[in-house]
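These are my notebook entries on a single structure. I looked up its pockets, cavities, helix contacts, aromatic pairs and backbone exceptions in turn.

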Amino acid sequence: MMKKKIKSVISLLSVVDRLKNIYAGGAVMYSKRSRKIHPYVPGEQPSDRVYIKLNANENPYPPVPDFKKVISDFDYSLYARYPDPECGLLSEKIAKLLNVEKDMVFCGNGSDEVLSFVFYAFFDDDKPLLSPEFSYSFYPVYSEFYGIPLKRIPLAPDYSVDLDGYLGGDSSGVIFANPNAPTGINLSCEYIRNFLTRYSGDKIVVVDEAYVDFGGESVIPLLKDFNNLVVLRTFSKSGSFAGGRLGFAVSSPENIGVLKAVKNSFNHFPVDILAQKLGITICENWDYYKENALKIAFTRDNFSRELKRLGFDVLPSKANFVFVKKTGIPGKTLYEIAKEEGFLIRYFDIPGIRDFVRISVGTDNEMKGLIEIFKRNFSRL
């Protein structure tokens, strides 16, 4: 066993040495772009022991039981053929669910792929894209990837997104998550409407609603009044489909047409045929997922109350996670205490939010277990 470990370490060191040679001007050279990028860093997934994962905002409940029948009845000979590039039936089901027209829906491999197409389609490199100082960490990744200057707007003192700070000056567009991540704070539809009436009508505003089903307020009703509005959604969170990678955008038919043109210039067949069928199943069983989202929201609120009793500061979340801190205790310490006890939570080593940790909402028992860990370590002295 020890010899195997030594060989693994030697192998890893040789890979590191080769990479050093490459970037130092060795035999193989990569583009300047690839040497400058800073990739997205997901929540860790260590394999040294079994952990309760509360660090990736995943849904603790499984997909609807109908999944088993769809998969068992699936005609695998269809894999010899390309899937529907337009995701026609899936788009139709999504449109019906959201009370919009079919040509207002664009599907992709998770909302991250759709987000990539959005950045390419709507934002230019000559003016800054406006986004919250603290929000989804893929926004700066794609900005850098596509050479789009990103201007981060400070949050309000209560950590909410202050859209007044996005007015004035010239920009390429606006993007923010609502509820925001990692704070979980939600902006009302009316507040966003007020912003849209004052912001430039020819610049795209993207509202990322990855977490809206856990208690947020969707801006999809505003699409009828604002042609520059694009709404992003995902099945990963409320749809319990993070392993299936399926997301979509909702906007005017003209904006969706541009997204399709971008997609068809990159990959004409992005969504797997089985993923499309399972996405349709999610839409057809949405009451099941709504019930799970309500359970998660109920657990979240109970968990938040218990944390407050222990002296934690808890931001008001409408997502499937909470963003919390405890005065005098660094966020990294909270993360390490939880990990030592077998719970993974998310710590961001970023100035301005280092005192916080983000905790995904699991089952009632999982959250009670984490509360017990904190009780053993902290009191309200």
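**Entry 1: the second largest pocket.** I looked up the second largest pocket and found a volume of about 340 Å³. The model is a predicted one. I count 19 residues in the lining of this pocket, with Asp213, Arg233, Ser238, Trp286 and Lys290 lying nearest its centre. Which element gives the largest share of that lining? Helix 10 does, with six residues. I also noted that helix 4 (88–98) and strand 7 each supply at least two residues, as helix 10 does. By class, I recorded 12 nonpolar, three polar and four charged residues in the lining of the second largest pocket.

**Entry 2: helix 10 against helix 12.** I then followed helix 10 to a helix contact. In general, a packed pair of helices is described by the distance and the angle between the two axes. The axes of helix 10 (residues 286–309) and helix 12 (residues 364–377) come within 10 Å, and they cross at roughly 10°. Angles under 35 degrees count as roughly parallel, so helix 10 is roughly parallel to helix 12. From helix 10, I listed Thr299, Phe303, Glu306 and Leu307 as meeting helix 12, where the partners are Asp364, Met367, Leu370, Ile371, Phe374 and Lys375. I sorted the residues of this contact into six nonpolar, one polar and three charged.

**Entry 3: helix 5 against helix 8.** For helix 5 (residues 110–122) and helix 8, I found axes that come within 9 Å and cross at roughly 105°. The range for roughly perpendicular is 65 to 115 degrees, and helix 5 and helix 8 are therefore roughly perpendicular to each other. Phe117, Val118, Tyr120, Ala121 and Phe122 of helix 5 meet Asn255, Val258, Leu259, Val262 and Lys263 of helix 8. I classed eight of the residues in this contact as nonpolar, one as polar and one as charged.

**Entry 4: the largest cavity.** How many cavities of 30 Å³ or more does a search of the whole structure find? I recorded one. The largest cavity holds about 50 Å³ of space. Its lining consists of Pro85, Glu86, Cys87, Ser91, Val105, Phe106, Cys107, Lys260, Lys263 and Pro270. Strand 2 (105–108) and helix 8 (253–264) are the elements that give two or more residues to this lining, and strand 2 gives the most, with three. By class, I noted six nonpolar, one polar and three charged residues around the largest cavity.

**Entry 5: backbone exceptions.** I located Cys87 in the loop between helix 3 and helix 4. I also looked up cis peptide bonds. One joins Asn178 and Pro179, with omega about 0°. Another joins Ala181 and Pro182, with omega about 15°. I placed Pro179 in the loop between strand 5 (173–177) and helix 7 (189–198), and Pro182 also lies in the loop between strand 5 and helix 7.

**Entry 6: aromatic pairs.** My search of the whole structure gave 23 aromatic pairs. Among them is the pair of Phe67 and Phe241, which is edge-to-face, with 5.7 Å centre to centre and 90° between the planes. Phe67 lies in helix 3 (residues 66–72) and Phe241 in the loop between strand 7 (229–234) and strand 8 (247–250), so this pair ties together parts that are 174 residues apart in sequence.

Note on methods: Residues are numbered from 1 along each chain as its sequence is written. This is a predicted model: local features need pLDDT of at least 70, side-chain atom pairs count only at pLDDT 80 or more; totals for chains, interfaces and linings use all residues. Side-chain values use heavy atoms; hydrogens and water are left out. On a 1 Å grid over the protein atoms alone, a cavity is a set of points where a 1.4 Å probe fits but cannot get out, and a pocket is an open set with protein on both sides within 12 Å along at least five of seven lines; lining residues have an atom within 4 Å of a point. Grid points are joined across faces, edges and corners, and a volume is the space filled by probe spheres set on the points. Helices (H or I, at least four residues) and strands (E, at least two) are DSSP runs, numbered from the N terminus. Ala, Val, Leu, Ile, Met, Phe, Trp, Tyr, Cys and Pro count as nonpolar, Asp, Glu, Lys and Arg as charged, and the others, Gly among them, as polar. Axes are lines fitted to C-alpha atoms, for helices over the stretch in contact, and angles run from 0 to 180 degrees between N-to-C directions. Angles under 35 degrees count as roughly parallel, over 145 as roughly antiparallel, 65 to 115 as roughly perpendicular and the rest as oblique. Contact means heavy atoms within 4.5 Å. Rings of Phe, Tyr and Trp (its six-membered ring) pair if their centres lie within 6.5 Å; planes under 30 degrees apart count as stacked, over 60 as edge-to-face and the rest as tilted.
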